[in-house]
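Here is a short walk through one protein chain, to be read beside its sequence and its model. It starts with a single element and then turns to the chain as a whole.

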Amino acid sequence: MAKQAARVEWVDYAKGICIVLVVMMHSTLGVEKAAGDISWLHGFIAWAKPFRMPDFFLISGLFLASRIDRPWREFLDSKVLHFAYFYVLWLTLQCLFKAWPLYAVGGLDAVLRDYALSFVEPRGTLWFIYILALFYLAVRLTRSLSPLLVFVAAAALEIAPIETGTLIVDEFAARFVYFFAGYWLARHIFALAGQVDNLAAPVIAATLVIWGAFNGWMVSSGLSDLPWLSLGLGFIGAGAVIAMGVLLSKIPFARPLRYLGENSIIIYLAFFLFMAATRTVLLKLQWIPDLGTVALLTTAAGVIGPLFLYWVVRGTMFDFIFHRPAWAKLAPSTATWQTQTP
């Protein structure tokens with residue numbers, strides 16, 4: 001995928017934190033489910049739940065303001081078709097890996113039915129890619145409305161909470177407020193990051209420790225899932241991750257995390273392959289009895305494996321799995337558009 005010409009360091013560090021936490025969550029829960037037991041890492045992923053996805057979506061909306069006024073053709077190409085291409089491609093790859101168990105139980109009809117339903121109800125880890133396209137489209141379609149009105153409506157959906165049993169509806173209701181806030185409040189978020197950057201590193205670290213303890217208490221007490229409180233913790237946690245990103249940008253040895261953030265979508269698309277394979281091998285061999293260690297190794301494979309695959313295929317005939325080819329793009333329109341800077 002093409003990288004931005006100019007990148008904001010703390011954004012990449014924050015995205016790096018988020019992608020590691022997401023892979024860790026899936027890896028840990030997958031290991032625990034397969035083993036039928038809970039690992040010591042379970043408490044950590046529970047601690048990260050209030051802010052893990054809210055921050056990811058808030059950051060995803062940060063740079064939309066500079067692109068929202070593009071002609072429809074260019075907007076649809078970069079913000080809808082872009083994600084649709086990778087969703088269909090990686091959905092197909094995932095279904096190929098999962099086809100045999102389905103075929104063994106229900107035959108070809110079961111395989112085709114599952115594949116077709118995935119276009120309506122996203123399966124597995126790819127729901128994030130699916131819903132991002134919907135979020136971009138939703139912001140574009142509501143940009144003539146009062147931003148405050150849209151934000152209040154989105155917050156009301158999160159507070160409700162909506163539980164229809166349909167993943168895309170429930171996740172849209174729970175997450176859109178954070179994406180819209182990233183878009184609408186981008187100037188203020190960047191200003192906040194600038195203010196944090198002016199603080200001494202020990203001050204930032206101490207504040208994060210206090211927040212971490214508070215967040216942990218809210219989770220352990222069961223209050224973090226309550227309406228209103230979950231919304232507040234999501235935004236407070238997102239602010240904390242932004243502060244972490246600013247702090248880490250001051251630490252030279254943290255640069256690998258920035259690289260993970262720069263390539264977070266690449267990791268997100270492919271981590272399931274390496275996660276599932278590593279989990280299966282480690283649990284089958286039983287060389288490591290500690291489930292927490294197995295989950296950590298599975299997380300590492302899920303993060304590093306996609307990057308290795310990316311390095312191997314780039315510039316080859318398989319480059320299309322991470323870079324959208326020209327035939328999958330809409331030709332740019334001749335209209336001009338004005339940019340906005342967040």
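Helix H4 is mostly covered, with twelve of its 15 residues buried. This is a predicted model, and every value below was computed from it. H4 spans residues 127-141. From first C-alpha to last, H4 reaches 21 Å, close to the 21 Å expected at 1.5 Å a residue.

Which residues of H4 are buried? They begin with the run Trp127, Phe128, Ile129, Tyr130, Ile131, Leu132 and Ala133. Phe135, Tyr136, Ala138, Val139 and Arg140 are buried as well. Here buried means under 20% relative accessible area.

Now take the chain as a whole. Twelve helices and zero strands make up its elements. The radius of gyration is 20 Å, close to the 20 Å that the globule rule gives for 342 residues, so the chain is as compact as a globular protein of that length. Along the principal axes, the C-alpha atoms fill a box of roughly 55 × 50 × 40 Å.

Of the 342 residues, 49% are buried. Among contacts with a separation of 6 or more, 81% join residues 24 or more positions apart.

The chain carries 25 positive and 20 negative charges, whose mean positions lie 7 Å apart.

Key:
Residues numbered from 1 in each chain as written. Predicted model: local features only at pLDDT ≥ 70, side-chain atom pairs only at ≥ 80, totals over all residues. Heavy atoms only, no water. Helix = DSSP H or I, 4+ residues; strand = E, 2+ residues; numbered from the N terminus. Rg over C-alpha atoms; globule rule 2.2 N^0.38 Å. Buried < 20%, exposed > 50% of the residue type's maximum accessible area, 1.4 Å probe, protein only. Contact = heavy atoms within 4.5 Å. Lys, Arg positive; Asp, Glu negative; His and termini not counted. Charge placed at Lys NZ, Arg CZ, Asp CG, Glu CD. Expected span 1.5 Å × (residues − 1).
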